[in-house]
Amino acid sequence: MKDFAAIDFETANEQRSSVCSVGVVIVRGGTVVDSFYSLIHPEPEYYQWFCRQVHGLGPEDTEDAPVFPHVWEKIEQKIEGLPLVAHNSRFDESCLKEVFRVYRMDYPDYVFHDTLAAARRHYGKTLPDHRLHTVAAACGYDLTQHHNALADAKACAHIALKIL
């Protein structure tokens with residue numbers, strides 16, 4: 001796969017619609033050509049302790065951030081016609097579908113590919129686990145800001161270019 005958009009969401013709480021940041025990396029012809037990152041005002045608007053521990057974001061970071069539809073306007077033109085790639089795509093796809101539902105937006109049936117499933121097939125039991133940072137390292141990528149949505153999307157793009 002040489003043309004795709006790697007995407008990663010972070011959420012504020014247990015609700016999949018509560019996306020509070022997004023990172024997108026555009027790959028064309030096997031080369032990263034663009035990237036995008038934004039904080040997002042989450043819906044519902046509260047942060048769980050566990051989520052804050054994972055990504056370090058809180059209400060003070062997103063209180064003035066745009067709501068999802070305004071952020072997606074910028075993303076949709078960048079990803080038009082591209083399949084989406086995510087590590088554990090079931091999570092990111094469910095976030096995207098849920099936030100579209102919450103804001104009553106028409107979901108365009110994006111095609112998702114999963115680097116987690118691909119890593120499990122490719123590496124099997126040769127890795128201690130198949131988490132993003134482990135697979136990224138096996139692919140020669142140093143993921144230094146794990147759980148920053150853009151850093152995770154960059155790692156996912158690198159993995160996809162290596163094993164998809």
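The expected span of a helix is 1.5 Å times one less than its number of residues. Helix 3, residues 68-79, can be checked against that figure in this predicted model.

**Helix 3**
- Helix 3 has twelve residues.
- From first C-alpha to last, helix 3 reaches 16 Å, close to the 16 Å expected at 1.5 Å a residue.
- Phe68, Val71, Trp72, Ile75 and Ile79 are the buried residues of helix 3.
- These residues lie on the same side of helix 3, because they cover an arc of only 95 degrees around the axis.

**Thr115**
- Thr115 sits in helix 5, residues 115-123.
- Buried means under 20% relative accessible area.
- Thr115 has 0% relative accessibility, so Thr115 counts as buried.
- The side chains of Thr115 and His87 are joined by a polar contact of 2.7 Å.
- Beyond four places away in sequence, Thr115 touches residues including Val85, Ala86, Cys156 and Ile159.

**The largest pocket**
- The volume of the largest pocket is about 560 Å³.
- Its lining has 26 residues, and Asp8, Glu10, Asn88, Phe91 and His147 are the closest to the centre.
- Strand 1, helix 1 (49-55), helix 4 and helix 7 (149-163) each give two or more residues to this lining.
- Strand 1 supplies the largest share, five residues.

Notes. Residues are numbered from 1 along each chain as its sequence is written. This is a predicted model: local features need pLDDT of at least 70, side-chain atom pairs count only at pLDDT 80 or more; totals for chains, interfaces and linings use all residues. Side-chain values use heavy atoms; hydrogens and water are left out. Helices (H or I, at least four residues) and strands (E, at least two) are DSSP runs, numbered from the N terminus. Buried means under 20% relative accessible area, exposed over 50%, partly exposed in between (1.4 Å probe, protein chains only). The arc is that of the directions from the helix axis to the C-beta atoms. A polar contact is a pair of N or O atoms within 3.5 Å; within protein, one must be able to donate a hydrogen and the other to accept it, and residues adjacent in sequence count only if both atoms are side-chain atoms. Contact means heavy atoms within 4.5 Å. On a 1 Å grid over the protein atoms alone, a cavity is a set of points where a 1.4 Å probe fits but cannot get out, and a pocket is an open set with protein on both sides within 12 Å along at least five of seven lines; lining residues have an atom within 4 Å of a point. Grid points are joined across faces, edges and corners, and a volume is the space filled by probe spheres set on the points.
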